[in-house]
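Subject: Structure for you to look at

Hello,

Here is the structure I said I would pass on. Please have a look at it first, then read the notes below.

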Amino acid sequence: FEVPVDAPKGYNRWKYGLLKRTGHAATVKTAQIIKQYGARNVVYLIGSADIRNRLLYANANDSLLDASVSGMLQGRNRRARAKIYLKHLEIVYGKPTHSIVAVAKVGHNNTKLWGSLPGREALFASL
């Protein structure tokens with residue numbers, strides 16, 4: 001990945017990047033954060049139908065989707081962002097690190113995501 005030509009100033013600042021971190025994250029060295037995060041067992045649970053975005057769909061009514069310039073640089077919707085991010089991690093770490101589990105026919109609905117069989121398996125797999 002390269003820095004986009006039209007990247008907004010501060011696009012790599014905390015919460016979108018590792019620059020100018022706050023709170024506990026500011027007390028940990030960047031190299032340590034990167035190393036530990038890549039080693040963790042992380043599953044990104046996404047809805048296969050989580051593709052709406054109020055900038056692109058007049059009836060999306062999704063006020064929780066970050067539609068700022070920095071947010072939109074991450075992808076058009078949550079499903080796209082998850083896939084782009086996973087690919088980014090593969091490039092950063094040089095190998096697949098984390099995984100995505102998509103719940104069929106579910107949009108941005110935490111009850112349906114976590115209540116689904118794939119959601120429960122992702123949540124309780126290590127128990």
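**What was found**

Arg-81 is found in helix H3. Please keep in mind that this is a predicted model, and that goes for everything that follows.

Is Arg-81 buried or exposed? Arg-81 is buried, yet it has no salt bridge. The nearest side chain of opposite charge belongs to Asp-66, which is 5.3 Å away. A salt bridge needs a side-chain nitrogen of Lys or Arg within 4 Å of a carboxyl oxygen of Asp or Glu. Apart from neighbours within four places in sequence, Arg-81 is in contact with Leu-65, Asp-66, Gly-71, Met-72, Gln-74 and Gly-75.

A pair of aromatic rings is described by the distance of the centres and the angle of the planes. The count for this model comes to one aromatic pair. Tyr-44 and Tyr-85 form that pair, with 5.8 Å from centre to centre and 90° between the planes. This arrangement is edge-to-face, because planes over 60 degrees apart count as such.

Tyr-44 has a relative accessible area of 16%, so Tyr-44 counts as buried. Tyr-85 has a relative accessible area of 32%, so Tyr-85 counts as partly exposed.

Next, the surface. Trp-114, Leu-123 and Phe-124 make a nonpolar surface patch of about 320 Å². Of these residues, Trp-114 lies in helix H4, which spans residues 110-115. Trp-114 is partly exposed, at 40% relative accessibility.

Last, the chain as a whole. How many helices and strands does the chain have? There are five helices and two strands, and from the N terminus on the elements run α-β-α-α-β-α-α. The chain has 127 residues, of which 25% count as buried. The accessible surface comes to about 9100 Å², and carbon and sulfur atoms hold 56% of that surface. Among contacts in the chain with a separation of 6 or more, 52% are between residues 24 or more positions apart.

Regards

Note on methods. Residues are numbered from 1 along each chain as its sequence is written. This is a predicted model: local features need pLDDT of at least 70, side-chain atom pairs count only at pLDDT 80 or more; totals for chains, interfaces and linings use all residues. Side-chain values use heavy atoms; hydrogens and water are left out. Rings of Phe, Tyr and Trp (its six-membered ring) pair if their centres lie within 6.5 Å; planes under 30 degrees apart count as stacked, over 60 as edge-to-face and the rest as tilted. Buried means under 20% relative accessible area, exposed over 50%, partly exposed in between (1.4 Å probe, protein chains only). Helices (H or I, at least four residues) and strands (E, at least two) are DSSP runs, numbered from the N terminus. Contact means heavy atoms within 4.5 Å. Accessible areas come from the Shrake-Rupley method with a 1.4 Å probe; for residues, only the protein chains shown count as cover. Lys and Arg count as positive and Asp and Glu as negative; His and the chain ends are not counted. Patches are made of residues with over 30% relative accessible area and no salt bridge: like charges are joined within 9 Å, nonpolar side chains (Val, Leu, Ile, Met, Phe, Trp, Tyr) within 5 Å.
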